[in-house]
Amino acid sequence: MQIPHDTRRALDVVVALVNTAAEAEQPDGLADIGSLREFVREYEISDVGELGARDLAGVRTVRGKFAQVFGAPNPRTAAGLINELVATAGTTPQLTDHDGYDWHVHYFAPGASLGDHLAADGGMALAFIVVSGEQERLRRCEAPDCRRAFVDLSRNRSRRYCDSRTCGNRLHVAAYRARRKEADAGPSEQEKVVHGSQQQQGADHP
């Protein structure tokens, strides 16, 4: 699947944001303003002013909306959620070549809050996926103890885990060990009964 560089980058931020949400054994990755600042620094989000409590609340709200898109049962539902996101953010597309980057499009309005910034750029990136007929690529990891979001960019849409080196390998190893354990255990009790019955029948008919 061909995805423009800027769209791919925006999708990376969307996925990273969704995956900051608290899970059963994972604390909230945006627990405070300090962690929000770290998120902005790590993903090099531009045009961000001084951050405060309102920004933290706004970004958490956007995070929840993005998560709903990943859980949408069909493209129509996903489209409705995305439309709501970008409408609330007040998208204002404009070309920019800031900080030495080549020309690209910012969808957030000048002076937008961080939440609106993420909603606009992330929402338009998700819109690209839906318009391309690829909504099913927005997935959650299938590992039983992991629900991390990811975008399946495999050619045949076959990716099942957020990271094949961790969740994927872990499940493959577990399945292999289960097969070995079953093989080492020998025939089941039912098989023993059937085999014993066959032997007895053979003894009764010399």
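Buried means under 20% relative accessible area, exposed means over 50%, and partly exposed is in between, with a 1.4 Å probe and protein chains only.

Ground rules next. This is a predicted model, so local features need pLDDT of at least 70 and side-chain atom pairs count only at pLDDT 80 or more, while totals for chains, interfaces and linings use all residues. Residues are numbered from 1 along each chain as its sequence is written, and side-chain values use heavy atoms, leaving out hydrogens and water.

Now disulfides. The rule is a pair of cysteine sulfur atoms within 2.5 Å. The count here is zero. Take Cys162: its closest cysteine sulfur, in Cys146, is 3.8 Å away, so that is too far for a bond. Cys167 is in no disulfide either; its nearest cysteine sulfur, again in Cys146, sits at 3.8 Å. Cys162 is buried too, at 15% relative accessible area.

On to Arg139. This arginine lies in strand S3, residues 138-140. Strands are DSSP runs of E, at least two residues, numbered from the N terminus. Arg139 is buried, at 18%. Its side chain reaches the backbone oxygen of Arg157 at 3.0 Å. Beyond four places away in sequence, Arg139 touches several residues (heavy atoms within 4.5 Å). Among them are Phe70, Phe150, Asp152 and Arg157.

Last, Leu95. Is this residue buried or exposed? Leu95 is exposed, with a relative accessible area of 62%. Leu95 lies in strand S1, residues 94-96.

Terms used. Helix = DSSP H or I, 4+ residues; strand = E, 2+ residues; numbered from the N terminus. Polar contact = N/O pair within 3.5 Å; in protein donor to acceptor, adjacent residues only side chain to side chain.
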